[in-house]
Amino acid sequence: AYDWGLADFLVPDDQLLSFCEELARYISKGGHEAIRATKACINELYLKDFTSNLELQEYADASRREENRERLRRFLSARPKNPRND
């Protein structure tokens, strides 16, 4: 996750609590209005994407079923090897 940019920090398990406490203190020293606005944005995006995430999970679960894998294999085997739209 860190290498992909999905996480900002790597913290050993035994240092996690102290790291989080230090980070919370740092954040709390910032402007309260900025913190409030940031939290509102995060919550809005999370709730907005929640339905999309559920739909994506349903799609992923369906794609793991053997009957769907077989359909995909048949579809891919029926496609031309090098399709071109010249």
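1. Let me start with the cysteines: the disulfide count comes to 0, where a disulfide is a pair of cysteine sulfur atoms within 2.5 Å. Cys20 is partly exposed, because its relative accessibility is 39%. Cys41 also counts as partly exposed, with a value of 47%. Here buried means under 20% relative accessible area, exposed means over 50%, and partly exposed lies in between (1.4 Å probe, protein chains only).

2. A word on the ground rules. This is a predicted model, in which local features need pLDDT of at least 70 and side-chain atom pairs count only at pLDDT 80 or more, while totals for chains, interfaces and linings use all residues. Residues are numbered from 1 along each chain as its sequence is written, and side-chain values use heavy atoms, with hydrogens and water left out.

3. On confidence, the protein chain averages a pLDDT of 77, and 79% of the residues score at least 70; pLDDT is the predictor's confidence in each residue, from 0 to 100. Among the elements, helix 1 has the highest mean pLDDT (89), and helix 3 (residues 66-78) has the lowest (73).

4. Do look at the salt bridge, as the count comes to 1. The term covers a side-chain nitrogen of Lys or Arg within 4 Å of a carboxyl oxygen of Asp or Glu. The partners are Glu33 and Arg36, whose closest N and O atoms are 3.3 Å apart. Both residues sit in helix 2 (residues 32-63), 3 residues apart, about one turn of the helix. Glu33 counts as exposed because its relative accessibility is 56%, and Arg36 is exposed at 51%.

5. Leaving aside neighbours within four places in sequence, Tyr2 is in contact (heavy atoms within 4.5 Å) with Ala7, Asp8, Phe9 and Leu10.

6. Finally, the surface. Buried residues make up 2% of the 86 residues in the protein chain. The accessible surface comes to about 8600 Å², of which 56% belongs to carbon and sulfur atoms. Areas come from the Shrake-Rupley method with a 1.4 Å probe, and for residues only the protein chains shown count as cover.

Definitions and conventions:
Helices (H or I, at least four residues) and strands (E, at least two) are DSSP runs, numbered from the N terminus.
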